[in-house]
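Biologist: I would like a close look at one part of this model. Please keep it simple and define the terms as you go.

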Amino acid sequence: MKGMGGALAVLMVVSGCIPTRTAAPTPSPTPTPLAPNFERYVGAYRTAAGVTFVINGHGHLLNLRDSTFRQLYPTATPDRLTTGKAFAIPVPIEADIGFRMVGNRADQFTMRPVSRPQFSADRLLFKETDVQVPASGATLAATITEPLTPAPHPGIVIVHGSGLGPRIDYGIWVGLYASLGMTVLAYDKRGNGQSTGTYPGEFPSEDNLNIYAADAAAVLGYLASWPGVDPKRVGFHGGSQGGWTVPLAIQRFHAPAAFALLASAPAVSVDQQGFWASAAESSTTIPALTPDLEAQLRAVPPSTYDPAPALAAMRQPALWYNGGADRTVPTEFNAELLRGIHHPNWDIEILPGVDHGLFENPSGLEKDELSATRLANGLWDRIATWLHTNAGTPLIGR
């Protein structure tokens, strides 16, 4: 699928990760090449003021209050890291971060910004359980992350975008949803990581999407039966290509989903998405949806996969959010198609100046994400509020 990898990985914290740069010599402490594993720091942390931070296995640090997003850089001192003033630009150093370890895992970090007072954040305690989910022709390796608050909890399944889809790529979403009081299941795509079965390949043919949708339905059914989960409040998160997978899992494979959140997700056909990505790739600016371009998009025959039937049949509440600077999905045209379905319980939002990876990046170019300073401002509060209304999550500090 044209253009559906790359950035989304990082954020969407979705699949894969954007390469980071190593630092030039600087005054101590000096950033060094990335450690091979940030697992000891992975999780959600909260300050006394109620600000929540999430760290994933690639060493990405997200502040859920102001959407700042940084790469962590190890130093010569164990468990002492730094961040730069933009996502993946290590110098000049913006903050020094020290982690307090209990055994082989951090339970607190203290951040010392260069120009602001220092503060500490304590790890939020979750229960993590590795499980094996049976699916047609495969066993899917997954991790269930549960808050330690009183059950029952709403649940959410993280559905992959394009790419190989290891669980580590979805750590930001796991931390976000678990910090909101949800039980979260993330799994390795079939044929990858610790999951068995045959990997169908990257291209989103209808056959391949059917395989992924059947897997997603099996995983959601598994989570709905997990002790401590409210089976009537279990839904999907789907990013990028997951926007095709999730409605198909609900319509064709009868996944008992109660809601869906769909990030940078296409409602266009696979062929229309490819047409847009090719047009955007050849342009120095985001193509404007002129009447002529809209006519061209509508004229693209849906010879590969058209999600329209699955979308029309989907009755669950859904939050769709796409960036206005997306070079992969034609956001304005996408929103027109979604609004034309006339589902009253769908919220369809366009995030100005935000790219496919959810970075504030007006050019939409993947190379410019390196110097971006944050993800879409206000998005996490919007997600928390929407889930409070549609999944009964508590409104807690973020």
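At what angle do helix α3 and α4 pack, and how far apart are their axes?

Modeller: This is a predicted model, where local features need pLDDT of at least 70, side-chain atom pairs count only at pLDDT 80 or more, and totals for chains, interfaces and linings use all residues. Residues are numbered from 1 along each chain as its sequence is written, and side-chain values use heavy atoms, with hydrogens and water left out.

Helix α3 (residues 206–224) packs against α4 at about 65°, and the axes lie 8 Å apart. Helices (H or I, at least four residues) and strands (E, at least two) are DSSP runs, numbered from the N terminus. Axes are lines fitted to C-alpha atoms, for helices over the stretch in contact, and angles run from 0 to 180 degrees between N-to-C directions.

From α3, the contact (heavy atoms within 4.5 Å) uses Leu209, Asn210, Tyr212, Ala213, Ala216 and Ala217. From α4 come Trp244, Thr245, Leu248 and Ala249.

Now follow α4 to the strands. Helix α4 (residues 242–251) lies across β12 (153–159), β14 (229–239), β15 (260–263) and β16 (318–323). Its direction is about 145° to β14.

Here is the sheet itself. Eight strands form an open sheet in the order β10-β11-β13-β12-β14-β15-β16-β17, with mixed pairing. Two strands pair if DSSP finds at least two bridges between them. β10 (126–135) and β17 (346–351) are the edges; each has a single partner strand, so one side of each lacks a neighbour in the sheet. From one strand to the next, the twist averages 20°.
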